[in-house]
Amino acid sequence: MAKKNNSIHPILILLGFIALIITKLVEFITENILPILTILGLGLGTFLVYNILKQRNKQKAKRQPNKESTKQANVPFAIKNANEKPKNDYSDKSAIDTKKRGIDLKVDELTSPKLEISTPIITDKKNEKFVVKEYTDNYITNESAFDEQIQAESITTKTIDEEIRKYALTKYPKDHSLQEYIYKEQVDSKAFMTEALDLESKKFAIEKYPADYSLQEYVYKEQIKSKDFISNTLDIESKKFAIEKYPNDYSLQEYIYKEQVAAKSFMDKATEREVKEYVVKKYPTDYSMQKYIYNEQIALAPHKRQTIKNQLDETIIDINSEELDLTVEHSIPNTEMTLDPPFWSHTYVYSYDEINHATPAQKKYYSFFKNKILNGEFVDIQGYTNYAFILYFDLLNEYEKHQDIKILEKQFKLLGECCPKTKSYALISLQDFLRKKGDSDSRSRLEELQDTNYQFEHGFSNYDPDAFKLGKKYKDKLDLSQQEVTWLNKFENQYNVFTSIEGCCISTIKQYLLILKEINKKLKKVPTTVAKEVDFFKQAVFEIKGISETYWGVYDQSFLKKRVESDIYNTIFRRVENSVRDEFGHKRKVGEYTYYEYNDEFEKRIGYILNELISELKDNVEKPDTFTQIELNAQNVNRWKLDYKKLTDSFLKNEMNHFIDGIINIEVTNQKNPNIENIFYESSKFIAKYDKVQALKYYAKYIYYDLKSKKFDNQQLTTTIQKSLFTTNEQLVEFQSIIGKLIQTSNIEEALDEISNIYVPKRKKIILDKTQIKEVEKKHTNTVELLNEILVNESVEFEVNPINNENKDEELEVSFGIKTKTNLFFKSEIDLNKVQEQLVQKIASNSFWIHQNEVEKFALDNGLFKNQLIDSINEICAEFLEGQALIEEEEANYIIDESYYLEIVN
């Protein structure tokens with residue numbers, strides 16, 4: 001019998017151990033359930049994100065198997081929305097590089113990356129493959145892209161112009177969408193070039209791009225625009241230079257001209273006399289090269305500039321031509337003066353401690369450099385900025401010991417000449433030190449350092465804040481004093497349609513300077529000056545709570561004071577400008593500034609004197625020259641009426657030539673006026689009672705200019721005037737013939753010559769055939785005998801019928817080769833009478849506004865009241881404009897909404 005084993009089975013021990021572990025694990029999980037769940041959640045989330053990204057990368061790799069296929073995302077007609085049609089952006093011609101550098105522009109430069117596929121598109125199935133391949137990545141439906149591709153393919157079968165068809169197929173042999181686009185663009189451009197009138201520009205464009213009509217059109221338009229620019233240029237010297245350089249290319253002429261004018265202006269203001277003399281001598285006719293070389297020389301250190309000058313100075317004596325004793329006593333060479341800076345690669349310097357990383361040679365040179373700067377001597381560090389910035393921090397450390405801001409400023413200025421990059425850092429440090437001091441002298445000095453003009457003038461900045469101001473621009477041209485330049489530089493130059501005309505701007509400048517001088521004379525009696533009054537407003541502005549809250553802490557005090565100063569001087573300039581506008585007959589006025597809450601105070605201290613002087617000195621305004629008159633009349637189409645009224649008011653019958661010369665002058669100064677024909681229509685009516693021939697000549701000129709205008713009005717002279725001009729039908733018929741010929745040929749000189757002979761008596765040569773007379777006598781013997789009996793007893797009078805003088809109020813219908821009809825411009829539903837039509841057109845031609853006084857005079861001249869006339873027009877047009885009034889009242893004017901006007905005209 002075997003002996004019983006009482007030991008515990010190993011498996012039971014293992015199970016017990018596992019149970020213990022599970023129990024402990026359950027306890028741990030129970031106590032830390034939240035952290036565990038969080039960890040599991042993060043792990044699961046990371047796993048899911050990883051798998052999603054992995055799947056997307058696989059899909060992307062399938063769609064874009066190589067780098068070339070990824071370029072299709074840039075196809076311009078590929079879009080993300082499946083409901084949208086593919087867009088073709090190849091019409092954007094802004095991509096053309098318009099720089100006139102002789103660059104050969106090609107059509108490929110106007111398109112996106114090449115759209116090439118491996119298999120030519122021949123059948124619908126292949127088109128389908130093309131669309132699926134091209135548009136898969138851009139989320140466009142294969143069906144819509146397929147339809148567009150098939151539709152675009154029609155160019156190969158429906159086109160008429162074989163030349164352009166072949167061009168499009170050659171350009172994009174595998175993309176029918178681009179073929180269609182190129183075809184349409186070329187056809188339109190070919191039509192344009194066919195009708196182009198300027199043969200010179202047309203020939204140039206065709207020779208430049210013989211096979212591309214689109215680029216021909218572009219080049220043609222550029223040439224026309226540049227040709228017009230060059231023809232109107234004023235600088236003859238620069239114009240001649242540009243034409244000689246590019247005799248056949250107007251675009252490059254324009255570019256060179258502008259470059260020359262800008263460079264010429266720059267050289268006029270150049271201050272370095274020696275450098276200026278050098279560049280002028282080297283390039284006497286090319287201002288662009290003068291400017292380029294001048295700037296290069298200025299960028300060099302002064303001693304290097306001098307070396308170059310001496311090398312090229314022809315005044316240096318040629319020692320080979322004479323035997324001279326050139327021996328001199330030589331001093332012991334100073335090796336320090338010729339010490340060159342050791343190479344030191346650029347690093348960012350944040351403190352003086354960077355010197356500790358320098359080599360012994362670099363440290364030695366730095367010591368030399370510092371001593372020179374402390375002694376006030378310039379050193380050329382040859383672009384190694386590390387030396388300069390270490391010295392910058394070294395000087396800051398020295399300042400902490402001596403605390404003399406003037407010494408530091410002097411050192412910083414010299415350091416800035418050696419290394420310009422230190423200027424801005426030095427300026428900031430100086431401003432910070434002055435702010436910390438806080439005393440009155442420091443605050444005053446701080447204001448100077450914050451002034452951009454002071455920074456530029458004293459070498460702390462390369463930015464000239466006055467570069468584009470009036471004082472800087474006209475200093476040399478008007479020979480202005482420094483005080484006058486300062487007055488003009490007090491405010492930013494805000495160009496407008498009036499001051500953009502140089503003659504208007506110069507007249508305004510001269511009047512502004514004159515009035516400022518006179519204001520100062522009057523204020524000295526108080527005693528004060530304009531500058532002192534401006535200082536008053538500079539201080540007063542900080543007493544206003546609103547201004548303090550708005551600007552204090554955001555803009556510093558000096559900025560706000562300068563803003564107030566600028567506003568006051570600008571207001572004076574604008575008031576003067578308005579007075580000059582009045583004298584020049586320019587109706588529109590420019591607005592004026594306000595001075596926060598001190599507008600009333602300004603009027604009490606300066607404004608009233610300013611207004612008085614403007615009125616007193618208005619006769620001193622410089623009169624506009626011819627060029628200025630032309631530009632002003634182009635802006636204000638009715639401005640000619642001022643000069644015309646002066647002529648008619650002062651008209652004397654025995655001084656007819658004075659009137660004729662005046663009209664000639666008005667014609668010259670209105671060459672850019674789109675309504676120039678009205679001058680001669682009014683002149684013809686006025687002079688008719690004094691000079692018939694001159695009246696007809698003016699009417700012929702009216703027709704001549706009317707034909708050139710946007711619309712042919714063909715206004716007829718009134719019946720009364722016509723009857724006074726023509727005493728027989730023969731005269732009228734002859735004048736009709738002359739006008740008809742003028743309409744066909746536009747030869748105004750020939751027409752004027754023929755009109756001079758209308759009233760000259762015409763002699764007619766009559767040839768009698770005696771044989772025919774005898775035959776008639778035989779046939780009518782009895783009739784003759786009967787008439788003889790009657791004539792013995794009575795006399796019969798035969799009269800030449802003049803033009804019918806009845807119905808004086810009606811117009812005699814005269815046709816000059818162009819048929820007109822009643823109510824030509826307005827729609828047939830709008831039944832306006834002649835007076836109403838004339839008023840509406842009068843307002844429309846004057847930029848859709850008119851002064852009420854002018855309407856009142858017009859109405860009275862036609863036997864009506866102003867309100868009666870306006871209301872009748874609005875009543876007729878109301879139904880057509882859905883109850884809205886055509887003519888509305890705005891202050892002292894009547895205005896017409898342009899959109900309403902377009903609704904009632906044909």
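Which residues form a nonpolar patch on the surface? The points below take this up first and then turn to the rest of the predicted model.

1. The nonpolar surface patch consists of Ile-11, Leu-12, Leu-14, Leu-15, Phe-17, Ile-18, Ile-21, Ile-22 and Val-26. Together these residues have about 860 Å² of accessible area. One of them, Leu-12, is found in helix H1, which covers residues 10–31. Leu-12 has a relative accessible area of 53% and is therefore exposed, because the cut-off for exposed is over 50%.

2. As for the overall make-up, the protein has 906 residues, and 39% of them count as buried. Its secondary structure comes to 42 helices and 3 strands. The accessible surface is about 57,200 Å², with 54% of that area belonging to carbon and sulfur atoms. Among contacts between residues at least 6 apart in sequence, 62% join residues at least 24 apart.

3. Helix H17 (residues 385–402) and helix H18 (residues 405–418) have axes that come within 10 Å and cross at roughly 170°. H17 is therefore roughly antiparallel to H18, since angles over 145 degrees count as roughly antiparallel. On the H17 side, the contact is made by Ala-388, Leu-391, Tyr-392, Leu-395, Leu-396, Tyr-399 and His-402. H18 contributes Ile-405, Ile-407, Leu-408, Gln-411, Phe-412 and Leu-415.

4. Trp-640, Asp-643, Tyr-644, Leu-647 and Thr-648 of H30 make the contact with His-658, Phe-659, Gly-662, Ile-663 and Ile-666 of H31.

5. The count of salt bridges comes to 36. Glu-180 has a relative accessibility of 23% and counts as partly exposed.

6. Glu-377 forms a salt bridge with Lys-372, and the closest N and O atoms of this pair are 3.0 Å apart. Are the two partners buried or partly exposed? Glu-377 counts as partly exposed at 32% relative accessibility. Lys-372, with a relative accessible area of 10%, is buried, because buried means under 20%.

7. The side chains of Lys-510 and Glu-622 also meet in a salt bridge, at 2.8 Å from N to O. This pair links distant parts of the chain, the residues being 112 residues apart. Lys-510 is in helix H24 (residues 502–523), while Glu-622 is in the loop between helix H28 (599–616) and helix H29 (626–635). Lys-510 counts as partly exposed at 37% relative accessibility, and Glu-622 is partly exposed with a relative accessible area of 36%.

8. Salt bridges also link residues in a network. Its members are Lys-490, Asp-535, Lys-538 and Glu-565.

Conventions: Residues are numbered from 1 along each chain as its sequence is written. This is a predicted model: local features need pLDDT of at least 70, side-chain atom pairs count only at pLDDT 80 or more; totals for chains, interfaces and linings use all residues. Side-chain values use heavy atoms; hydrogens and water are left out. Patches are made of residues with over 30% relative accessible area and no salt bridge: like charges are joined within 9 Å, nonpolar side chains (Val, Leu, Ile, Met, Phe, Trp, Tyr) within 5 Å. Accessible areas come from the Shrake-Rupley method with a 1.4 Å probe; for residues, only the protein chains shown count as cover. A salt bridge is a side-chain nitrogen of Lys or Arg within 4 Å of a carboxyl oxygen of Asp or Glu. Helices (H or I, at least four residues) and strands (E, at least two) are DSSP runs, numbered from the N terminus. Buried means under 20% relative accessible area, exposed over 50%, partly exposed in between (1.4 Å probe, protein chains only). Axes are lines fitted to C-alpha atoms, for helices over the stretch in contact, and angles run from 0 to 180 degrees between N-to-C directions. Angles under 35 degrees count as roughly parallel, over 145 as roughly antiparallel, 65 to 115 as roughly perpendicular and the rest as oblique. Contact means heavy atoms within 4.5 Å.
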